[in-house]
Amino acid sequence: MSDDGAVDEFPEIDVRSDTDDEDYEGDGGEDSEDEDEEDEDEDGSDDGSDEDLHIFPKAKTVISDITGQPKRVYPEIEPDYDSDSSTEDTPNRVGDIPMHWYDDLPHVGYDVNGKKVLRPARGDELDKFLKTVEDPESWTSAFDKNTQMDKPLTAEELDIIRRLQQGENPDANYDPYEPTVEWFTGKGKEEVMPLSAAPEPKRRWVPSKWEKQKVMKIVRAIRQGRIVPNKPKTASTQPNFYPIWNDEPSSAPAPLPAPKPRLPGHAESYNPPAEYLPTKEEREEWAATDPEDREREFLPQKYPSLRLVPAYDQFIKERFNRQLDLYLAARVQRVKLQIDPESLIPKLPSPNSLKPFPVYKSLQVPHERKRVRAVSVSPDGGWVVTGDEGGVVRLWEVMVGKEVKRWTFKSKVGAVEWCPRTDVSYFAVAIEDRIHFLFPPNLPASVMTATQNVLAPANLPPAPPAPSTIKWTSVPVAQSSSDAPILTLSLPSSPEPPKQLVWHRKGDYVASVSEGQGGVWIHQVSRRHSQAPFKKVKGAVQLVLFHPSKPHFFVATQRYVRMYNLAEQTLLKTLTPGTRWISSMDVHPSGEHLIVGGYDRKLCWFDLELSDRPYKILRYHTRALRSVHFHPTYPLFASSSDDGSIQVFHARVYNDLMTNPLIVPLKILRGHEVKDGLGVFAVRWVPRQPWLVSAGADGQVAVWCS
């Protein structure tokens, strides 16, 4: 600022030079000529140089409103497209607050300047769906609550999500197999000094003076009589008398009068009508009946006049029984409740509002009049594999019932079960004392390769340290085909084939149940290892099940269901269904409920979090239950019986623990014939459709559709 108060202008910076102002002015024209030559050389070498690009922004000199002094103000930097936006701050600066506060407002927050950040426009569900169809990268974005819009995820974030889904370590640089660094072992690394060289404190062997003072203080109080021990409690020798007659009279109502005897009817008459007189056959039947089971204590007789009626021979006995009734009768006044019986019936929703569920038979696949005891549906719901007592295993399509492949074995099929994994495709068949692993034909190349690598890997895993009696035999990949088993397990000898095969949800473990003690085996396919988890089980094991989400294992004997924790190897609880003989069992997809069917026609529903007793007992079948099964996705379950019928139920389980499950009977499916007293052996749901597959003793396999 000059003496006259005028403000001098700030000299502009010459962008053609990056030297100081003094050096630029002092060098004179020679330096400027040299610089001009250098600029010309640079222009010749690089035609695309930015002549008008100002490296330093031009500042403006303004008068401050606060101090009244001149100050230089630089323009704001506007980032171009090539700028890095990773260091930019988020436009919404409201902080870590619940964003639902702005649900009813047109803006979602405020920026750094205090201006409102307007809510971006978002389409409806149809727009979201069209975006996922048109934009292949839409699934790689996540919704940002702060800005109310979708932000694309980086490759590193997508890699972390993939690792978390596969159960891996989120850090890509983490090496779980890195060599151990020996810090304290080896030559020259031995510990010479202890961790602490402090001398032992003196208070560890010197008696405490403070404790001595406390003890002596208590001793002096006892000697002076300030602390007196409790006196022994002695019962009073004087008897206590109570005036029992001085009580006020009771306000309870008087006892009711004795019930009146039954009035005589026509049968007690000395001259009864002819229809009351018994015939000869009725007299003989009455004489042969026990006195406790007789309807009357006498037989009606007819006399011409009252003078000819003899004395009643049961008079003394009836008077005595009457006195006993009066003496033993509990004459209690009961208030009769005026309740409408219709109000006691629970109000269930209409079955039409609970659709979809199977209502008719779509197709039927015969098995040459052999009993079909085993049926299983593929995880994708497109294929069904069935096995009969003739040793025939058939693979056919669910939609049209076309048979694709047939395998024939020498003995009857005990069980078939499809592996629940979706990246491979194979199933297990229990024949005699063996379990065969087969894969269907015409598989895609990737699925076929993955299946062969699982069942017949090139490098077999090392043998377990504890030898097992189970032998694993596999066929090389080059010689494997869909016509023969690619992997076979040899079980201990048993009079009957394994009656059940059940897979773990991850598809690596399969459990088999055979007759006799020690018939439960758990096989691990990846390690080629088999083990018997129970050395001794009370009772004959009928069924086993894996928990869908926890390391729990259900074992059903004839009368009880025991739940074990395989990780801790402990018994969690014992369920008592009250059934004489358990025939079937299945667990809800949530893992909190269990249904058990028995040969005594009862179906028991257990709430595993509630009690070890049944929450509800259903009796809808007239003969023994054979199979029960929950639908994996729909709120449905079905039960089959030897009466040839299939009961379909709606079973909705709520997340609220205070709400009871809703169980509604929907439909009775009848389409199987009863052969030799046997009906429907097995029912299985199609995973992705409300369809049901049933197998019966009449040699027919039916598909029921909605």
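Contact here means heavy atoms within 4.5 Å. The structure is a predicted model, in which local features need pLDDT of at least 70, side-chain atom pairs count only at pLDDT 80 or more, and totals for chains, interfaces and linings use all residues. Residues are numbered from 1 along each chain as its sequence is written, and side-chain values use heavy atoms, with hydrogens and water left out.

**View 1. Leucine 501 in strand E17.** Leucine 501 is found in strand E17, which spans residues 500-503; helices (H or I, at least four residues) and strands (E, at least two) are DSSP runs, numbered from the N terminus. Leucine 501 counts as buried because its relative accessibility is 4%; buried means under 20% relative accessible area, exposed over 50%, and partly exposed in between (1.4 Å probe, protein chains only). Not counting residues up to four places away in sequence, leucine 501 touches Ala415, Glu417, Ala428, Val429, Ala430, Ile435, Ala511 and Ser512. Glycine 414 lies 87 residues from leucine 501 along the chain, with 8.9 Å between their C-alpha atoms.

**View 2. Strand E18 and its two partners.** E17 pairs with E18 in the antiparallel sense over 4 bridges; two strands pair if DSSP finds at least two bridges between them. Valine 502 has alanine 511 of E18 as its bridge partner. The hairpin of E17 and E18 has 5 residues between the strands, and glycine 507 in this hairpin takes a positive phi near 80 degrees. E18 also pairs with strand E19 (residues 520-524), in the antiparallel sense and over 5 bridges. Tyrosine 509 stands opposite glutamine 524 in E19.

**View 3. Methionine 585 in strand E25.** Strand E25 (residues 582-587) holds methionine 585. Methionine 585 counts as buried because its relative accessibility is 8%. Leaving aside neighbours within four places in sequence, methionine 585 is in contact with Leu543, Val544, Leu545, Phe554, Ala556, Val561, Leu594, Ile595, Val596 and Val628. Methionine 585 and glycine 598 are 13 residues apart in sequence, and their C-alpha atoms are 8.9 Å apart in space.

**View 4. The second largest pocket.** The second largest pocket holds about 1200 Å³ of space. Of its 32 lining residues, Glu268, Glu297, Phe298, Tyr312 and Glu318 are the closest to the centre. On a 1 Å grid over the protein atoms alone, a pocket is an open set of points with protein on both sides within 12 Å along at least five of seven lines, a cavity is a set where a 1.4 Å probe fits but cannot get out, and lining residues have an atom within 4 Å of a point. Grid points are joined across faces, edges and corners, and a volume is the space filled by probe spheres set on the points. Helix H7 (residues 315-328) gives the most to this pocket's lining, with 7 residues. The lining has 16 nonpolar, 4 polar and 12 charged residues; Ala, Val, Leu, Ile, Met, Phe, Trp, Tyr, Cys and Pro count as nonpolar, Asp, Glu, Lys and Arg as charged, and the others, Gly among them, as polar.

**View 5. The second largest cavity.** A search of the whole structure finds 2 cavities of 30 Å³ or more. The second largest cavity has a volume of about 50 Å³. Its lining consists of Arg601, Lys602, Leu603, Leu618, Arg619, Tyr620, His621, Leu625, Ser639 and Phe649. By class, 5 of these lining residues are nonpolar, 2 polar and 3 charged.
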